[in-house]
Amino acid sequence: MQDRSMRLALRKRELRAGKAALRDSLSMEQRDHLSALVCSHAWNWFSQLQASSLLAYAPFRSELDCRPLLAKAWAEGATVLLPRVIAESGAMSIHPVRSWEELAPGAYGIPEPVTGISGAAVSGLSGRSGLPDAVFVPGLAFDRRGGRLGYGRGYYDRLRGNWEAALPESAVRPLWIGLAYDLQVEPEVPLEAHDALMDMLITENGIWDCRKERARHGIKSFQ
């Protein structure tokens, strides 16, 4: 068992390094072009869903740039939430944000909502579920069954786990969507039991419903 864990950790480390290098190799023009295509697919899907709120991220380094998606959401009156990392506890607080001016460098140098400007953290559950309709997540590698390889800190997995623990079984869950360049997609991402699966995956080449892929292979939606 220990050997298997070590092999899995090594595979994850190698995949992270390889995908980071591939992502970094894209020129700024390529990133802008591919990101715009992904954001267009994402907004079309979001609007067809008739959703009204989303949680996304402020792009950092060579991550897929989701700013066109957020700009469209703001223009259309959707509620936009962004995370703030609480490094001491390994948690994230979620804040409504109305413009990029409400962000400042935070943990790890990533732009985050400025406390006191962007509004109170979204912590309680109310209304339909008190949570966004959709959660757009960055990462280093994805697969079409919903596997995601993040940066190894587990912030999104913990956030999702906390939400799941607080929601009644009958509640409507947010949909979790990976945003990525197609070069980040792998046939199969190495996963551990605690790694949560995405519901959808969006790249410049289109939208994949990972739930359908999992259903074909008998894989649970949330691990």
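**Note on the predicted model: pocket, cores, cysteines and selected residues**

1. The largest pocket in this predicted model has a volume of about 830 Å³. A pocket here is an open set of points on a 1 Å grid over the protein atoms alone, with protein on both sides within 12 Å along at least five of seven lines, whereas a cavity is a set of points where a 1.4 Å probe fits but cannot get out; lining residues have an atom within 4 Å of a point. Grid points are joined across faces, edges and corners, and the volume is the space filled by probe spheres set on the points.

2. Some conventions come before the details. Residues are numbered from 1 along each chain as its sequence is written, and side-chain values use heavy atoms, with hydrogens and water left out. As this is a predicted model, local features need pLDDT of at least 70 and side-chain atom pairs count only at pLDDT 80 or more, while totals for chains, interfaces and linings use all residues.

3. Returning to the largest pocket, which has a volume of about 830 Å³, 38 residues line it, and those closest to its centre are R148, G150, Y151, R153 and Y155. The elements that give two or more residues to this lining are α1 (2-24), β2 (79-86), β5 (111-113), β8 (148-149) and α4 (155-166), and α1 gives the most, with five residues. Helices (H or I, at least four residues) and strands (E, at least two) are DSSP runs, numbered from the N terminus. By residue class, the lining divides into 20 nonpolar, five polar and 13 charged residues, where Ala, Val, Leu, Ile, Met, Phe, Trp, Tyr, Cys and Pro count as nonpolar, Asp, Glu, Lys and Arg as charged, and the others, Gly among them, as polar.

4. Which residues have the most contacts inside the largest nonpolar core? They are F46, F136, I177 and L179, in a core of 53 residues, and helix α2 (residues 28-48) supplies the largest share of this core, seven residues. A nonpolar core is a set of buried Ala, Val, Leu, Ile, Met, Phe, Trp, Tyr and Cys residues joined through side-chain atoms within 4.5 Å; buried means under 20% relative accessible area, exposed over 50%, and partly exposed in between (1.4 Å probe, protein chains only). Not counting residues up to four places away in sequence, F46 touches A51, S52, S53, L54, A78, A134 and F136, with contact meaning heavy atoms within 4.5 Å. A second, separate core has six residues, including L149, V189, L191 and L197. In soluble globular proteins, nonpolar side chains tend to be buried together.

5. L8 belongs to helix α1 and, at 15% relative accessibility, counts as buried. Its contacts, leaving aside neighbours within four places in sequence, are with P190, L191 and E192. L8 and L191 are 183 residues apart in sequence, yet their C-alpha atoms are 8.0 Å apart in space.

6. How many disulfides does the model contain? The count is zero, a disulfide being a pair of cysteine sulfur atoms within 2.5 Å. For C66, the nearest cysteine sulfur is that of C39, 6.2 Å away, and C66 is buried, with a relative accessible area of 0%. For C210, the nearest cysteine sulfur is again that of C39, here 17 Å away, and C210 is likewise buried, at 0% relative accessible area.

7. Q50 is in the loop between α2 and β1 (53-55), and its relative accessible area of 72% makes it exposed. R61 lies in the loop between β1 and α3 (67-75), and it too counts as exposed, at 72% relative accessibility.

8. Two further loop residues are partly exposed. V172, in the loop between α4 and β9 (175-179), has a relative accessibility of 45%; its C-alpha is separated by 9.2 Å from that of L131, 41 residues apart along the chain.

9. H217 is found in helix α5 (residues 210-217) and counts as exposed, at 53% relative accessibility. The C-alpha atoms of H217 and T79, 138 residues apart along the chain, are separated by 35 Å.
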